[in-house]
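Here is a friendly tour of a few local features in this protein. Have the sequence and the 3D view at hand as you read.

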Amino acid sequence: MSAGSRRTGATSAGRRLVRVASPLAALGLWQLLTSYDVDLWLRFEQFPTVVEVASALGDRIGTEAYWQDLGHSLRRIAVGFLLAAVLGVAAGTAVARSRWAADILGPLVEVVRPIPAIALVPVAILLLPTNEQGIVFITCAAALFPVLVSTRHAVRALNPVWEEAVLTLGGSRARVLFSVVLPGALPGIFGGLSVGIGVSWICVISAEMISGEYGVGYRTWQDYTVVDYPGVFVGMATIGALGWLTSTAVETLGRRVTAWLPRPTARVPAGGPARAASTSAPLAPAAASDSAVRRPEKEPVP
């Protein structure tokens with residue numbers, strides 16, 4: 001094994017150790033502050049300890065209601081997020097590519113986008129026949145705008161030379177869309193999806209607290225109303241774990257779908273920085289030629 005490989009392995013092991021030690025240290029500090037009922041400026045005397053929360057979690061996991069709540073929340077997230085992904089990518093691409101779509105949808109997007117999705121609860125109650133559909137609507141609205149805006153910027157940032165090359169070779173507009181535009185915009189699209197899934201969890205939990213009948217958010221609020229603080233923290237831990245798992249799934253899918261893209265590396269060639277500079281020097285003309293053919297951003301076509 002080379003010295004560089006050993007250094008890389010040691011660095012990876014160190015990073016994994018830090019990632020494990022960080023939450024363990026936070027849990028240890030939590031246990032310490034709550035065990036001694038620390039009351040300086042922040043009051044920890046009413047907080048449950050880590051042991052109490054873990055005991056409550058163990059009790060909840062063995063009940064059918066816990067898994068039923070998880071199923072309801074995950075179903076609402078899946079439906080709302082998938083709708084937002086499809087609508088956001090389609091609308092963002094249309095706004096970036098079509099002048100008509102930009103003129104019609106652009107002002108509406110900019111007016112509605114600053115409104116918090118949770119503020120749409122009254123609209124959902126008045127507009128939709130059931131609370132379940134209203135929660136899905138709010139979840140979709142929460143994720144829609146991050147996906148739409150990220151897609152719009154990603155499509156507009158594409159190099160127009162690629163599109164012109166396909167058209168010159170006889171490719172159709174549909175071929176340009178599916179072979180150039182969408183693949184080229186995938187990194188930006190998945191950036192919006194990663195943000196959207198997190199915002200979706202925030203809003204679905206809030207909507208469940210306000211108008212839900214089942215779900216993790218509903219159960220967490222019920223625990224708060226009966227002053228079951230360990231149960232409240234069980235709900236919070238469950239929400240955090242679900243959000244982390246779904247966000248990781250989206251990011252992993254994004255890395256697999258964009259595996260064909262070049263990945264930046266931080267490794268320095270043997271010989272140190274001087275060697276690295278000499279190996280990167282021949283790339284300068286290529287970069288210059290690329291900047292020479294790069295053109296200003298095109299206006300959307302009707």
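N159 caps the N-terminal end of helix α7, with a side-chain oxygen 3.0 Å from the backbone nitrogen of V161. Do keep in mind that this is a predicted model.

Helix α7 itself spans residues 160-168, and its buried residues are P160, E163 and V166. These three cover an arc of only 125° around the axis, so they sit on the same side of α7. What covers them includes α3 (64-97) and α8 (173-211). After α7 comes G170, with a positive phi near 95°.

Now for the aromatic rings. The model has 5 aromatic pairs. One of them joins W30 and F233: the pair is tilted, with 5.4 Å centre to centre and 45° between the planes. Because W30 lies in helix α1 (residues 3-35) and F233 in helix α10 (residues 229-257), this pair ties together parts that are 203 residues apart in sequence. Another pair, F44 and F47, is edge-to-face, at 5.7 Å centre to centre and 70° between the planes. Ring pairs link W30, F44, F47 and F233 into a cluster.

Technical notes
Residues numbered from 1 in each chain as written. Predicted model: local features only at pLDDT ≥ 70, side-chain atom pairs only at ≥ 80, totals over all residues. Heavy atoms only, no water. Phe/Tyr/Trp six-rings, centres within 6.5 Å; stacked < 30°, edge-to-face > 60°. Helix = DSSP H or I, 4+ residues; strand = E, 2+ residues; numbered from the N terminus. Buried < 20%, exposed > 50% of the residue type's maximum accessible area, 1.4 Å probe, protein only. Arc of directions from axis to C-beta. Contact = heavy atoms within 4.5 Å. Polar contact = N/O pair within 3.5 Å; in protein donor to acceptor, adjacent residues only side chain to side chain.
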